[in-house]
Every structure is written in C-alpha cells, then in structure tokens.
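User: I have a structure on my screen and some terms I want to understand. Can you take me through them?

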Amino acid sequence: MHEQLLLARNAYAYPFACLDSDLDHKELDSVIELDSYHYQLLRSDQDREVLNGYLSVLYWGFYSGQDGKLRGPRAKGLVNKAMRKLSETNAPEVFVADLVRGATEFIDSRRPGLAVLLLTNLPQMQFSFASKVAAFLNPVLCGVSDSIIASGFPGFGFVAKDNSVEARLDVSPAYDRYCAFLERIAGQVNDLGSDFQWTDRDSSRHQWRAIDVERALFKSLEGGYASLCEQVSERISLIT
C-alpha cells in the first residue's frame, strides 16, 4: 500500500495559487511553500493577516474545479462576495481572527471536528471549505474532507452534498477519526525511512503529514489506483 500511496502523492497536482497582501493573484513554487504561506498568515497575531489568510485559502480552493479547469475570475468573485458579507460585521478583521484563533485552539488540543464546525461561521465556508482552513492551520494533524473523499471512502462517515460534506450532528467526531487516521498512516510511512519521502514540484523531498495522506487519497480517486483505494477502505473498516 505504501508504495502506491507514494506514487499517488507524487502525482498529486493542484495550482499553487493564492492571494498576496493586496489580495491580488500570486503563484508560489511548491506545495510546501503554499502550505507555509497559509499557515503563517492564519496563525499570525495580526488580525489583518489572519483575514488575508482566510481569503487566500478561499481563493485557492475555488481557483481550480474538480475538472481541473482554472477559474481565477470566479475565485476572486467569491472572495469579493465573502468580503461584502464580512462588511456587515462591525469589525471584519476581528470577526475572522477570533473564529480562526478559536479553531486553532480546538485543533491544537486535538479536537479538529469542533474547529471545522466553528469555521463554518465564516462566509463561503461550508464544511468542506472549512476543513481546508483547518488543514492549513495544522497540516501535520488535519486533512481536507470534501465530496470526493466522502464519496470515494464512505467508511469515514462523511455524506457528500452539493460538492461539499453535509454538516450533520455526527460530522465532528467523524472528522476527528478521519484526521487521526491520516496522521497514523503518515507516521507509518515516515517509519519506512527517507526512500518513502514524497517529492514536491521543486524536487525537494519531505516527510509525510496528515495533509499529504489526504492529497494522495484524493489523487487515488481520480483513477489508476484501484488497489490502493481497496486497501485504504479495508483499513478504514477496521477503525469504524
């Protein structure tokens, strides 16, 4: 399984698009750089940077659709829509920063499901997109839960709905178990040594995190990894 997981992770490709400090389009050179960029913004002690981090994750998530087509104008339009919604609050920067910092506390105390539910209070943040913010807040512990993962691996307990994940009463513990599963698999692959480190677009190699396992699973569901999907499903069945 681990060899197939490595192949899937190395084949994972998604645009490294984000927003700069002026909320203009920006391209980074590697996924590690993208992850670090959002991590630092979202965990900043400056409210404006936290707001920019949230908007950048929103832009990144909508920049490319499930069909692989780039949709920059649509992504920016949804960012603008979120900003208009935030303008209805007394202090948009404080509103966003308070929610993100509350979510950070939940994640760092290993309660990521509660973090994602809290983040759904942000504009344009259904459960799936809220999990993207959680994954950037702590990529070692969290991964994205979207409709692709929900449909491809139903054993995780997610229910796909309208290109997202339905926010049912049981979705928080399901996300907790999901993240624990991703973290456990990452640890197992790391125990295999440097030969199993994944390769970034800039040819740098890295140890596995929960988010890397999720990205490999996402890639596996595009086709060509039937054996990996079957083995993962079997492992999920042992913990649910």
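**Sulfurs, burial and overall form**

Analyst: Start with the cysteines. Zero disulfides turn up in a search of the whole structure. Keep in mind that this is a predicted model.

User: What makes a disulfide?

Analyst: It is a covalent bond joining the sulfur atoms of two cysteines.

User: Why is the sulfur of Cys179 too far for a bond with Cys142?

Analyst: A disulfide needs the two sulfur atoms within 2.5 Å. The closest cysteine sulfur to that of Cys179 is in Cys142, and it is 4.3 Å away. Therefore this pair is too far for a bond.

User: Why is Cys179 called buried?

Analyst: Buried means under 20% relative accessible area. Cys179 has 3%, so Cys179 is buried.

User: And what makes Cys18 buried?

Analyst: The cut-off is again under 20%. Cys18 has a relative accessible area of 0%, so Cys18 counts as buried.

User: How many of the 240 residues count as buried in the protein?

Analyst: The share is 50%. As for the accessible surface, it comes to about 10800 Å², and carbon and sulfur atoms hold 49% of it.

User: How do you know that the radius of gyration agrees with a compact globule?

Analyst: For 240 residues, a compact globule would have a value near 18 Å. The protein has 17 Å, so the two agree. The C-alpha atoms fill a box of roughly 50 × 40 × 30 Å along the principal axes.

User: What helices and strands does the protein have?

Analyst: There are 11 helices and six strands. Among contacts with a separation of 6 or more, 61% join residues 24 or more positions apart.

Note on methods: Residues numbered from 1 in each chain as written. Predicted model: local features only at pLDDT ≥ 70, side-chain atom pairs only at ≥ 80, totals over all residues. Heavy atoms only, no water. Helix = DSSP H or I, 4+ residues; strand = E, 2+ residues; numbered from the N terminus. Rg over C-alpha atoms; globule rule 2.2 N^0.38 Å. Buried < 20%, exposed > 50% of the residue type's maximum accessible area, 1.4 Å probe, protein only. Contact = heavy atoms within 4.5 Å. Areas by Shrake-Rupley, 256 points an atom, 1.4 Å probe, with all protein chains shown as cover.
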